[in-house]
Amino acid sequence: KYKKNIVFLSNNSSLDFDSFKNLFKKVNFKIKRSNIINSTDVLIKYLKDKKIKKVYASGNKKFLNELKRNFITVTKDNPDIVIVSYDDEINYKKLQILSELLNKNIKFVATHNDNFYPSINGPIPDAGSILSLLETTTGKKPSKIFGKPSVEIRKLLKISGKTLVIGDKKNKDILFAKNCGYDSALILSDDEINFENSKKKIKPN
């Protein structure tokens, strides 16, 4: 009716488009591929722009399949870059390989750095927790993080005119809006009220 362009932005790198599509179906919303961007999409654009085709990545099967679908080889043998994402299949062997590669000063990036994922049973470790563990072990931090609040997302946003970002995390959604010069509106979810964002001084306009 109002001819508004709606785009959903997600830091969740563990879901592919079909998974997001099924989630939106539950609330009777038909989503198109052009209406959703997640941190995996932003990462893949970066890899393609830099012509990087060989990586070592920590992530679940859906995330790794997205890389492979875009002709990116995932290997621990002389990768050009190391990637950390949300990984609900993490194990000690993966952490060991990540640490050993970082010790060789291989370039290091992350899809996002959210510390926890809000499960139905409370917060569980997200990519930020893995990054903290690796920093404690190796002293290394990622040179780039692609999820909100990164302005890298703008490279995939096909929008013009006045833009409003609506979200429930000050240090992700609202800061992303501020970084991009967009207006913002905050939803006070339990996540925002009870956990890490409650003390942030970032405010929506």
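**Notes on the predicted model**

1. Asn105 is exposed, with a relative accessible area of 58%. The model is a predicted one. Asn105 sits in the loop between α4 and β6 and has a positive phi of about 65°, although it is not a glycine.

2. Phe71 also deserves a look. Its phi is positive, about 65°, and it is not a glycine. The residue belongs to the loop between α3 and β4. Phe71 is exposed because its relative accessible area, 72%, is over the 50% cut-off.

3. A further backbone exception is the peptide bond from Lys148 to Pro149, which is cis with omega near 15°. Pro149 is in the loop between β9 and β10 (164-167). For reference, most residues other than glycine have a negative phi, and most peptide bonds are trans.

4. The sheet is open and made of five strands with parallel pairing, in the order β4-β3-β5-β6-β9. At its edges are β4 (73-74) and β9 (144-145), each of which pairs on one side only. Strand β6 (residues 108-110) runs parallel to β9 and is joined to it by two bridges. Ala110 has Ile145 of β9 as its bridge partner. Helix α2 (residues 39-49) packs on this sheet, where it touches β3 (54-58), β5 (81-84), β6 and β9. The direction of α2 makes about 175° with that of β5.

5. Which elements give two or more residues to the largest nonpolar core? That core has 24 residues, and Leu43, Leu47, Val55, Leu67, Ile81 and Ile83 have the most contacts inside it. The contributing elements are α2, β3, α3 (61-69), β5 and α6 (170-180). Helix α2 supplies the largest share, five residues. Not counting residues up to four places away in sequence, Ile83 touches Leu43, Leu47, Val55, Tyr56, Ala57, Ser58, Phe63, Leu98 and Val109. A second, separate core has 14 residues, including Leu101, Leu102, Ile106 and Phe108.

6. Helix α4 (residues 92-102) has these buried residues: Lys94, Leu95, Ile97, Leu98, Ser99, Leu101 and Leu102. An α-helix has 3.6 residues a turn, so residues three or four places apart point the same way. The cover over the buried residues of α4 includes β3, β5, β6 and α5 (127-138). At the start of α4, a side-chain oxygen of Asn91 comes to within 3.1 Å of the backbone nitrogen of Lys93.

Terms used
Residues numbered from 1 in each chain as written. Predicted model: local features only at pLDDT ≥ 70, side-chain atom pairs only at ≥ 80, totals over all residues. Heavy atoms only, no water. Pairing = 2+ DSSP bridges. Helix = DSSP H or I, 4+ residues; strand = E, 2+ residues; numbered from the N terminus. Contact = heavy atoms within 4.5 Å. Axes fitted to C-alpha atoms, helices over the stretch in contact; angles between N-to-C directions. Buried < 20%, exposed > 50% of the residue type's maximum accessible area, 1.4 Å probe, protein only. Polar contact = N/O pair within 3.5 Å; in protein donor to acceptor, adjacent residues only side chain to side chain. Core = buried A, V, L, I, M, F, W, Y, C linked by side-chain atoms within 4.5 Å.
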